[in-house]
Amino acid sequence: MNKKTYQPLIIPKLQWETRTLTAVHGQLTAQPLEPGFGATLGNALRRTLLGGIEGSAVTAVIIKGVNNEFSVLPGVVEDAMQVVLNIKEIVVRNKTGQPGVMRLQVSGEAAATAGDIVADEHLEVVNKDHILGHVAAGGVLEIQFFVEPGRGYQAARWPVGQALQEDGRIYLDAMFSPVRQVSYEVQKARVGGNIDYDKLILTVQTDGTETPVDVVNYAVSVLRTQFENFLTSEEIPFNVISAVAVPEVAQEEPAPASLDYQGISIDLLLKPIDVLEFSVRAHNCLLNAGIGRIIDLVNLSEDELQKIKNFGRKSFEEVKEGLHQFGLSLGMNVDEAEVLKMQEKEDE
């Protein structure tokens with residue numbers, strides 16, 4: 001029985017922006033992607049990064065001298081509620097993924113910081129300069145912290161029907177995710193003479209307990225594991241099929257001379273500005289000014305573009321960057337008559 005022959009998929013190349021890559025910030029570029037895959041993969045990664053990455057946080061505390069978060073702390077400037085809010089901002093790195101305990105004791109006039117915390121061997125406080133409270137002269141602030149691993153957000157787990165705990169424990173809601181912010185942008189990518197492929201730019205910010213590289217790897221592992229359960233029969237080996245076909249995709253024949261104007265594709269110049277995928281605001285401003293094609297846009301000078309009604313600085317930079325992705329710029333002074341004449345010859 002003959003096996004079905006499948007068409008290959010473009011295999012993207014991944015690259016982290018090394019100039020700006022730090023322990024808390026990273027920008028990953030994946031290109032080229034099949035048309036439409038940029039938004040599909042970008043959204044899946046973003047949602048998984050924000051809600052599916054495991055981390056650790058303080059889920060309960062015992063503050064000596066109080067049994068609820070609405071109490072006044074003797075010898076401490078802040079009340080229990082403010083101290084609890086400050087505790088929620090402690091960033092904890094968990095080396096084993098196991099629960100643990102941390103302790104703090106500050107006496108005398110001083111600012112109690114996260115750096116004063118003594119933690120179990122597998123726990124490490126990252127933001128040591130974070131202030132938890134201010135102890136007055138003669139005062140003492142003594143706290144026991146209970147750290148647990150988890151994913152996403154967890155509401156405070158108060159035992160049902162018990163407003164006050166025998167040990168004075170106060171339960172906290174917790175955000176476990178080490179990912180603080182994720183955004184993605186989809187641009188057009190060129191493969192030979194084809195400009196319809198996608199380029200995905202993923203920007204990730206973490207709290208410092210995990211690097212952007214590690215959390216993206218974790219997110220991809222989560223997605224791959226989940227998607228495997230949707231397979232109802234033998235997996236189609238697209239990676240193998242596509243790997244063989246990659247050289248053929250990259251080695252495209254050069255466009256005929258009649259389709260090239262000063263190194264620019266005539267087909268691209270005559271396309272509507274929609275293919276540049278500007279924001280709604282920038283797109284509408286251009287259309288209202290009668291700029292409907294790419295050739296109309298590249299023939300504008302920077303001054304002319306900035307004078308368009310309601311066209312702000314952000315839109316201006318967006319347009320310049322969008323054109324740059326296609327090897328274009330403002331003020332190119334393209335001769336439209338010559339371009340149309342070349343197109344007519346090609347049509348013949």
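Where is the place of N310? N310 falls in the loop between α8 (302-306) and α9 (313-324); helices (H or I, at least four residues) and strands (E, at least two) are DSSP runs, numbered from the N terminus. The model discussed here is predicted, so local features need pLDDT of at least 70 and side-chain atom pairs count only at pLDDT 80 or more, while totals for chains, interfaces and linings use all residues. Residues are numbered from 1 along each chain as its sequence is written, and side-chain values use heavy atoms, with hydrogens and water left out.

Most residues other than glycine have a negative phi, and most peptide bonds are trans. For N310, phi is near 65°, a positive value in a residue other than glycine. N333 also has a positive phi, near 50°, and is placed in the loop between α9 and α10 (336-347). A cis peptide bond, with omega of about -10°, joins Q31 and P32, and P32 belongs to strand β2.

Strand β2 leads on to the sheets. An open sheet of four strands runs in the order β1-β2-β15-β14 with antiparallel pairing, where two strands pair if DSSP finds at least two bridges between them. Because β1 and β14 (179-191) stand at the edges, each with a single partner strand, one side of each is left without a neighbour in the sheet. From one strand to the next the twist averages 20°. The antiparallel pairing of β1 with β2 extends over four bridges, and W16 stands opposite L28 in β2.

Two helices meet this sheet. Helix α1 packs on it, touching β2, β14 and β15, and its direction makes about 165° with that of β14; contact means heavy atoms within 4.5 Å. Helix α3 lies across β1, β2, β14 and β15 and runs at about 115° to β15. Axes are lines fitted to C-alpha atoms, for helices over the stretch in contact, and angles run from 0 to 180 degrees between N-to-C directions.

The helices also meet each other. Two packed helices are described by the angle between their axes and the distance between the axes. For α1 (residues 37-51) and α3 (residues 212-228), the axes come within 9 Å and cross at roughly 105°. The two helices are therefore roughly perpendicular to each other (angles under 35 degrees count as roughly parallel, over 145 as roughly antiparallel, 65 to 115 as roughly perpendicular and the rest as oblique). On the α1 side A44, L45, T48 and L49 take part, and they meet V215, V216, A219, V220, V222 and L223 in α3. The residues of this contact divide into nine nonpolar, one polar and no charged; Ala, Val, Leu, Ile, Met, Phe, Trp, Tyr, Cys and Pro count as nonpolar, Asp, Glu, Lys and Arg as charged, and the others, Gly among them, as polar.

A second open sheet has five strands in the order β7-β5-β10-β3-β12, again with antiparallel pairing. Its edge strands, β7 (118-119) and β12 (169-171), each pair on one side only. Strand β5 (residues 100-107) joins β7 over two bridges in the antiparallel sense, and M102 stands opposite A119 in β7.

Pockets complete the picture. On a 1 Å grid over the protein atoms alone, a pocket is an open set of points where a 1.4 Å probe fits, with protein on both sides within 12 Å along at least five of seven lines, and lining residues have an atom within 4 Å of a point. Grid points are joined across faces, edges and corners, and a volume is the space filled by probe spheres set on the points. The largest pocket holds about 1400 Å³ of space. Among its 32 lining residues, L41, V220, R224, F227 and N239 are the closest to its centre. Two or more residues each come from β1 (13-16), β2 (25-33), α1, β15 (194-206), α3 and α4 (238-250), and α3 gives the most, with six residues. This lining divides into 25 nonpolar, three polar and four charged residues.

The second largest pocket contains about 550 Å³ of space. Of the 33 residues that line it, S56, M175, F176, S177 and D207 are the closest to its centre. At least two lining residues each are supplied by β3 (54-63), β4 (92-94), β13 (174-175) and α3, with the largest share, five residues, coming from β3. Here the lining divides into 16 nonpolar, eight polar and nine charged residues.
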